[in-house]
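Subject: Structure handover and notes

Dear colleague,

I am passing on the structure below, with a written account of what was found in it. Please read the notes with the coordinates open beside them.

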Amino acid sequence: MTTTEQKLRRLPATASVADIRSVVDADGGIVIEGLLTADQVARFNADIDDDLAALAPGGTHTDEIAKEFHGANTKRLTNLVSRSAVFREEIIDNNLVHKLCDDIFHPESGTYWMTTAQVIEIGPGNHAQMLHRDLENWFPFVGMGPAGPEVILNFLIALTDFTEENGATRVIPGSNHWPDFEDRGNPAQTVPAVMKAGDALFFSGKTVHGGGANVTTDEYRRAVGFAFNPGYLVGEEAYPFLVDRSVVETLSPRVQGLLGFRSQYPTGSPGLWMVNYQELADYLGLESGR
Ligand SMILES: O=C(O)CCC(=O)C(=O)O
Ligand SMILES: [Fe+2]
């Protein structure tokens, strides 16, 4: 069980993968300070400002629970790959992001790709999001508890400073080890991920968390969350139908792979997401990275 009130640990983005990994394995999440530079944050914010302004807050889901999860005064902007060059060329091609995903996913599942990426802007008065584990999207893994494989790794980068008052993400350190993943804990067990813009909360799909309540009258807490699944799971966003070919051709091989423009080779499989048992990127005539 977690010790309540245990603070989230923090390391700079220059820390070793082994050091970051040991904190994530123990606590389920960590704040990585300075994952993005101030310049990257400013350029990414500029890329998405107009699209975000045009978006109305609140979920469009017809399912009431999904709508509640979205947040009444929360904006969620998806398909970021098409919207922002900074996102597709810098943020999801960041070396530390890939080193951490390689380290965690490669031994267990062999491969990973991006399941979703969204800007999440929590506005004044928005209630706290229900506590959850991100692996609940792939239900059978709830029953496997802490012994199950890692099925989602999430990076949530602050694009404005995160304070406890403006809705910093709440996390229950150690909940990645709880024996029963039906147990989502309670708000008193959570701690806020207080961060400067450019810092990232990196956490396991096994860790209980939720967006915090924004109790300010005039502050907007903005983040970009992007998450990865092993290549044997179906992602949340259907990138091959969203991202234009002309954009795909400008991307690095590893980002093409994240977005489903290359085949997946999970451990134990000769390949998934293939064309006639051949590499998808060859079929598409994309330069081969394998
Ligand atoms: O906005 C946040 O702080 C967390 C959002 C989240 O956990 C989710 O949407 O799955
Ligand atoms: Fe979540």
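Strand E4 is a mostly covered element, since 10 of its 11 residues are buried. Please keep in mind throughout that this is a predicted model, and that every value quoted here was computed from it.

E4 has pairing partners that can be followed residue by residue. Strand E3 is joined to E4 by 4 bridges, and the two run antiparallel; within that pairing, Leu77 faces Val119 of E4. Strand E10, which covers residues 221-230, also pairs with E4 in the antiparallel sense, here over 10 bridges, and Ala117 has Phe226 of E10 as its bridge partner.

The largest nonpolar core holds 69 residues, among which Ile157, Ala193 and Phe202 touch the most other members. Strand E4, spanning residues 112-122, supplies the largest share of this core, namely 7 residues. For Phe202, and leaving aside residues up to four places away in sequence, the contacts are Val24, Gly29, Ile30, Ile32, Leu100 and Phe155.

Helix H2 runs over residues 38-54, and its 17 residues reach 24 Å from the first C-alpha to the last, close to the 24 Å expected at 1.5 Å a residue. Because an α-helix has 3.6 residues a turn, residues three or four places apart point the same way.

A separate point concerns an open sheet of 3 strands, ordered E7-E6-E9 with antiparallel pairing. Strand E7 (191-192) and strand E9 (209-210) stand at its edges with a single partner strand each, so one side of each has no neighbour in the sheet. Strand E6, residues 170-171, is joined to E9 by 2 bridges in the antiparallel sense, and Val171 stands opposite His209 in E9.

Most residues other than glycine have a negative phi.

Is Ile92, finally, buried or exposed? Ile92 is found in the loop between H5 and helix H6 (95-109), and it counts as buried because it has 23 C-beta neighbours inside 10 Å. Not counting residues up to four places away in sequence, Ile92 touches Phe87, Val97, Met114, Phe226, Val255 and Leu258; one of these, Phe226, is the residue of E10 already named as the bridge partner of Ala117. The C-alpha atoms of Ile92 and Val23, which are 69 residues apart along the chain, are separated by 22 Å.

With best regards

Terms used. Residues numbered from 1 in each chain as written. Chains lettered and ligands numbered in written order. Predicted model: local features only at pLDDT ≥ 70, side-chain atom pairs only at ≥ 80, totals over all residues. Core = buried A, V, L, I, M, F, W, Y, C linked by C-beta atoms within 7 Å. Buried ≥ 20, exposed ≤ 12 C-beta atoms within 10 Å, placed from the backbone. Contact = placed C-beta atoms within 7 Å. Expected span 1.5 Å × (residues − 1). Pairing = 2+ DSSP bridges.
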